[in-house]
Amino acid sequence: QWSVRMRRYQYYRKPKGVIMNTFSELEDHALNSFLKDSAYGKSGLPQIYPVGPILYRSEMNLKSHSQTIEWLDKQPQNSVVLVSFGSLGSFDLDQVKEIASGLEHSGHRFLWVLRRPPAEKGGFPREYENLELVLPKGFLDRTAFIGKVIGWVPQLAVLSHSAVGGFVSHCGWNSILESIWCGVPIATWPLAAEQQLNAFHLVKELGIAVEISLDYNEAKEHQELVRAEQIEKGVREVLGSENEVRKRVKEISEKSRAAVQDGGSSHLCFENLVKTICSGSHCGR
């Protein structure tokens with residue numbers, strides 16, 4: 001394991017620069033750490049280019065989900081929580097029922113992206129053919145006027161909608177950048193990979209998210225369920241109209257948009273990147 005890590009480290013030192021989908025105002029301490037002298041030496045690390053947030057919006061996906069957007073159009077401002085765990089996020093039936101119970105008892109409007117676990121290990125989650133077979137009996141009828149369960153959504157378009165006021169998320173990096181850009185606070189529920197670190201950073205360091213869980217791991221054998229009470233509490237907190245988290249995420253949202261404008265940190269960094277590439281040489285930061 002140690003030899004593998006060392007080979008990876010040596011590989012990362014080879015490039016003249018590393019382009020990152022982030023912006024200085026979001027991760028200033030982490031980015032500045034690359035500039036400081038350390039045990040790695042004064043010039044052992046490549047140049048870092050934070051040029052984000054880089055977001056992707058598909059008009060094709062938007063057109064194919066017009067019914068979802070139309071449903072959101074009928075909801076009050078900041079009243080809906082989006083519940084989505086990315087393209088790879090899915091849960092066993094026991095956890096699905098806990099989510100359903102938490103959402104129903106919260107009393108808040110919700111748009112829930114529910115994915116079916118893959119048929120085999122390493123596969124991709126799919127859409128359910130019949131939601132009534134996996135949700136609690138009568139759930140769809142009882143929540144018909146406040147909720148919508150769907151297999152997929154154009155996430156950036158949904159987060160951009162004025163009706164969406166909160167986001168239950170696995171804390172994948174793209175989802176984080178999208179929620180920040182749209183000024184929508186997150187209720188954290190990491191599933192795997194670096195998502196636990198992301199969730200901790202959002203809740204404890206930046207103060208732009210509330211906690212449902214910080215240490216869930218879908219790969220852990222006998223992983224305890226996240227209970228309905230935790231989910232209900234997280235939904236209520238993230239949709240709070242005047243909470244400090246909402247104010248803080250609005251501030252970071254404004255900084256994310258300023259970063260890519262003329263003269264912004266990411267815009268200047270991108271200009272520097274282009275000049276470096278065109279000159280054929282590596283310039284110091």
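Predicted model: local features only at pLDDT ≥ 70, side-chain atom pairs only at ≥ 80, totals over all residues.

1. I would start with the largest nonpolar core, which has 35 residues. The members that touch the most others are L72, L82, L111, V158 and L202. Two or more residues each come from helix 4 (66-73), strand 3 (80-84), strand 4 (109-113), helix 7 (155-160), strand 6 (164-169), helix 8 (173-182), helix 9 (195-206) and helix 11 (244-259). Helix 8 gives the largest share, five residues.

2. L202 deserves a look of its own. With neighbours within four places in sequence left aside, L202 has contacts with C171, I176, I186, G207, I208 and A209. Apart from this core there is another, made of 30 residues, with Y128, V226, V235 and V245 among them.

3. Now to the aromatic side chains, where the count is seven pairs. One of them joins F85 and W189 edge-to-face, with 5.2 Å from centre to centre and 85° between the planes. F85 sits in the loop between strand 3 and helix 5 (93-106), and W189 in the loop between strand 7 (186-188) and helix 9, so this pair links parts 104 residues apart in sequence.

4. A second pair worth a glance is W112 with F139. The ring centres of W112 and F139 are 6.2 Å apart and the planes stand at 90°, so this pair is edge-to-face. W112 belongs to strand 4 and F139 to helix 6 (residues 139-142), so the pair ties together parts that are 27 residues apart in sequence. Both W112 and F139 are buried.

5. Finally, do look at P185, in the loop between helix 8 and strand 7. P185 has 0% relative accessibility and counts as buried. What does P185 touch, leaving aside its neighbours within four places in sequence? Its contacts are G165, G166, F167, I208, V238, V245, R246 and V249. I208 is also in contact with L202, and V245 is a member of the core of 30 residues. The C-alpha atoms of P185 and G207 are 9.6 Å apart, while the two residues are 22 residues apart along the chain.

Notes:
Residues numbered from 1 in each chain as written. Heavy atoms only, no water. Core = buried A, V, L, I, M, F, W, Y, C linked by side-chain atoms within 4.5 Å. Buried < 20%, exposed > 50% of the residue type's maximum accessible area, 1.4 Å probe, protein only. Helix = DSSP H or I, 4+ residues; strand = E, 2+ residues; numbered from the N terminus. Contact = heavy atoms within 4.5 Å. Phe/Tyr/Trp six-rings, centres within 6.5 Å; stacked < 30°, edge-to-face > 60°.
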